[in-house]
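Biologist: I would like to learn how to read this model. Please take me through it feature by feature.

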Amino acid sequence: MKPVLIQNADWIVAWDESAGCHRYVRNADVLFEKDRVSAIGPALGQAAPAEVDIVDGRNFMVMPGLVDIHSHLSHEPINKGYTDETGSPGLYNSNLYEFMPTMIGDDEAAPWQTRLACAELLMSGVTTIVDMARPYPGWVDALAESGLRAYAAPMFRSARWFTRNGHVVEYDWSEDRGFGAMSEALDLADTAERHPSGRLSGMVVPAQIDTCTPDLLRESYKEAASRGMRWQTHAAQSLPEFHEITRRHGVTPIQWLGELGVLGESSLIGHSIFVDDHPNTHWHTVTDIRLLAETGATVAHCPTVFMRRGMALCDVGRYLRAGVKVAIGTDTYPHNMIEEMRHVGYVARLMANSPHTVSTREIFNAATIGGAASLGRSDIGRLAPGAKADLVMVDMTHPSMQPSRDPIRSLVYAAADRAVHTVFVDGEKVVEGGRALRLDIDRAASEVTAGQLRAERAVPERDLVAQRGAAEVSPLTFQFAD
Ligand SMILES: [Zn+2]
């Protein structure tokens with residue numbers, strides 16, 4: 001691979017090491033060799049090696065690739081058009097217990113769901129992804145094939161949740177099954193770390209605070225620490241879960257994680273919404289946000305999937321001001337990281353009744369250096385000499401980018417993925433002209449469509465509440481004409 005010189009870029013979002021922040025740089029070059037950025041600055045042509053691939057940077061903004069720290073690539077694409085408006089009235093409108101378990105893709109669809117989601121992510125400027133999956137055959141290879149920098153994060157748990165009536169959540173426990181699944185997950189995470197691409201890593205993910213025994217949560221945290229891996233779980237993500245944990249333990253989900261000793265620099269908590277002083281919880285303490293800040297845990301913030309059902313973290317600006325680390329994930333479809341960033345801003349401002357609660361700079365930081373820090377890395381999420389050559393070229397000529405007095409704002413609030421033109425991961429071009437080069441997105445889309453049709457047929461047997469069909473669980477927007 002020859003060194004690449006992006007010449008005369010209109011704008012560069014470059015990392016200022018001495019100030020510790022991103023800066024705009026105008027009319028300059030970016031040089032990278034193999035997987036690393038080697039220089040950023042004006043007129044690097046003279047200093048570049050003789051054999052170099054020149055990329056014309058005029059009419060482009062070059063920015064660091066985005067870091068998406070919470071997603072479910074092999075489960076979520078199939079939910080499009082189905083779970084957009086579902087939510088159990090008897091379970092505080094959560095979708096998790098009655099509806100999510102009714103739409104399950106099969107192993108045939110899983111790699112295609114992953115490919116479709118990976119293509120969307122790349123085309124929205126993501127270069128690093130954390131994929132929290134129910135493992136399926138070929139999963140690690142599918143991640144590697146995408147060209148993304150990926151964290152294989154296999155989920156395991158001691159219990160399955162279900163509801164028979166739409167207002168009580170029940171748990172089917174098996175402690176042995178939980179530990180067995182953890183052992184398999186650790187093997188998979190280790191396999192990812194050894195992958196010859198060098199782009200894969202592992203993460204340890206006990207799936208949810210309410211489906212894992214205290215021992216499984218503690219032991220998995222130790223296993224992650226002994227491997228130098230990050231640890232992530234879902235907690236404070238629904239009111240039924242908040243009530244379940246307060247009923248079992250007398251403390252909030254965040255406090256319970258604190259008591260178990262699993263909140264720390266290496267922990268990511270999706271989604272830390274229902275904390276003690278959230279307006280919907282009416283709990284008697286005001287300590288959760290401070291606890292998150294003091295322990296150094298990262299909130300995996302994914303507003304889209306919650307705002308669909310009228311729920312929101314309150315508010316991310318407040319968390320940041322309290323010193324909580326925040327990173328951003330897409331969690332659901334669409335796998336569009338830039339739209340997710342837009343939602344981070346808009347939802348926070350609605351919850352705070354103020355446009356000042358969170359700035360675009362803070363949102364961009366969360367999607368870059370915040371995500372990187374949550375993974376324990378300083379070599380991604382920034383453009384600086386020595387950093388990984390994970391970068392995005394945004395088309396400044398796209399009408400939706402104009403006017404472009406502040407191109408990051410034009411990108412986040414207007415253009416989103418439409419203006420993402422070229423993406424490099426590890427120095428390899430993986431998106432060009434807005435298309436993912438390694439993935440057949442059209443084939444993936446049709447395979448996921450076929451997988452959704454197969455899954456829809458199984459909805460009545462999966463619906464434990466009333467054996468409803470897909471059309472009844474989630475009616476179409478319009479009835480068919482006679
Ligand atoms: Zn999730």
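Modeller: Start with terms. Helices (H or I, at least four residues) and strands (E, at least two) are DSSP runs, numbered from the N terminus. Contact means heavy atoms within 4.5 Å. Axes are lines fitted to C-alpha atoms, for helices over the stretch in contact, and angles run from 0 to 180 degrees between N-to-C directions. The model is predicted: local features need pLDDT of at least 70, side-chain atom pairs count only at pLDDT 80 or more, and totals for chains, interfaces and linings use all residues. Residues are numbered from 1 along each chain as its sequence is written, and side-chain values use heavy atoms, with hydrogens and water left out.

Biologist: Which strands does helix α2 lie across?

Modeller: Helix α2 (residues 139–146) lies across β7 (126–133), β8 (149–156) and β11 (200–206). It runs at about 155 degrees to β8. Helix α4 (residues 214–227) also packs on the sheet. It touches β8, β11, β12 (230–235) and β13 (267–271), and its direction makes about 155 degrees with that of β12.

Biologist: What is the strand order in the open sheet of eight strands?

Modeller: Two strands pair if DSSP finds at least two bridges between them. Here the order is β6-β7-β8-β11-β12-β13-β14-β15, with parallel pairing. β6 (66–71) and β15 (325–328) stand at the edges; each has a single partner strand, so one side of each lacks a neighbour in the sheet. On average, neighbouring strands are turned by 25 degrees against each other, direction ignored. Take β14 (residues 298–301): it pairs with β15 in the parallel sense over four bridges. Thr 298 has Lys 325 of β15 as its bridge partner.

Biologist: How is the chain divided into domains?

Modeller: Domain bounds come from an automatic or database domain assignment. That assignment gives domain 1 (4–64 + 389–436) and domain 2 (66–374). Their C-alpha centres lie 30 Å apart. At the contact between them, 27 residues of domain 1 meet 26 residues of domain 2.

Biologist: Which residues touch the most other members of the largest nonpolar core?

Modeller: In soluble globular proteins, nonpolar side chains tend to be buried together. Buried means under 20% relative accessible area, exposed over 50%, partly exposed in between (1.4 Å probe, protein chains only). A nonpolar core is a set of buried Ala, Val, Leu, Ile, Met, Phe, Trp, Tyr and Cys residues joined through side-chain atoms within 4.5 Å. The largest one has 102 residues, and Met 61, Met 63, Leu 66, Trp 231 and Tyr 319 touch the most other members. Helix α1 (residues 110–123) gives the most to this core, with nine residues. Each of domain 1 and domain 2 supplies at least three. Leaving out residues up to four places away in sequence, Met 63 touches several residues, including Phe 364, Leu 391 and Ile 408.

Biologist: How many disulfides does the structure hold?

Modeller: The criterion is a pair of cysteine sulfur atoms within 2.5 Å. The structure holds zero disulfides. For Cys 118, the nearest cysteine sulfur is that of Cys 302, 16 Å away. For Cys 212, the nearest is again that of Cys 302, at 18 Å. Cys 118 counts as buried at 0% relative accessibility, and Cys 212 at 2%.
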